[in-house]
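Biologist: Could you walk me through how to read a model like this one? I'd like to take it feature by feature.

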Amino acid sequence: MQWICEPCGFIYDPEEGDPDGGIPPGTAFEDIPDGWCCPVCGAAKSDFVPLDD
């Protein structure tokens with residue numbers, strides 16, 4: 001499942017992860033540390049919601 005940052009629209013894809021943010025590919029959103037933030041706008045993990053396809 002992909003997650004979208006409500007403030008900026010960045011989509012977190014678990015298959016891609018966020019290598020620049022220390023999140024390796026294959027990391028489920030639920031397994032990302034709470035201190036992680038959006039790599040585009042800096043929003044908190046709590047600002048992400050599940051992306052409905």
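Predicted model: local features only at pLDDT ≥ 70, side-chain atom pairs only at ≥ 80, totals over all residues.

Biologist: Is Val-40 buried or exposed?

Modeller: The cut-off for exposed is over 50% relative accessible area. Val-40 has 59% relative accessibility, so it counts as exposed. Its place is in the loop between strand E2 (11-12) and strand E3 (48-50). Glu-16 is 24 residues from Val-40 in sequence, and their C-alpha atoms are 15 Å apart.

Biologist: Now the overall fold. How many helices and strands does the chain have?

Modeller: Zero helices and three strands. From the N terminus the order is β-β-β.

Biologist: And what does the radius of gyration tell me?

Modeller: You set it against what a compact globule of that length would have. For 53 residues that is near 10 Å, and the chain has 10 Å, so the two agree. The C-alpha trace spans about 25 × 25 × 15 Å along its principal axes.

Biologist: What share of the residues is buried?

Modeller: Buried residues make up 30% of the 53. The largest nonpolar core has 10 residues, among them Trp-3, Tyr-12, Ile-23, Ile-32 and Trp-36.

Biologist: Which residues does Ile-23 contact, beyond its neighbours in sequence?

Modeller: Leaving aside those within four places, Ile-23 is in contact with Tyr-12, Gly-17, Asp-18, Ile-32, Pro-33 and Trp-36. For the whole chain, take contacts between residues at least 6 apart in sequence: 44% of them join residues at least 24 apart.

Biologist: What about charges?

Modeller: The general idea is that side chains of opposite charge can pair when their charged atoms come close. A search of the whole structure finds one salt bridge. Lys-45 forms it with Asp-34, with the closest N and O atoms 3.8 Å apart. Both residues lie in the loop between E2 and E3, so the pair ties together parts that are 11 residues apart in sequence.

Biologist: How exposed are the two partners, Lys-45 and Asp-34?

Modeller: Lys-45 is buried, at 11% relative accessible area, whereas Asp-34 counts as exposed at 68%.

Terms used:
Residues numbered from 1 in each chain as written. Heavy atoms only, no water. Core = buried A, V, L, I, M, F, W, Y, C linked by side-chain atoms within 4.5 Å. Buried < 20%, exposed > 50% of the residue type's maximum accessible area, 1.4 Å probe, protein only. Contact = heavy atoms within 4.5 Å. Helix = DSSP H or I, 4+ residues; strand = E, 2+ residues; numbered from the N terminus. Rg over C-alpha atoms; globule rule 2.2 N^0.38 Å. Salt bridge = Lys/Arg side-chain N within 4 Å of Asp/Glu carboxyl O.
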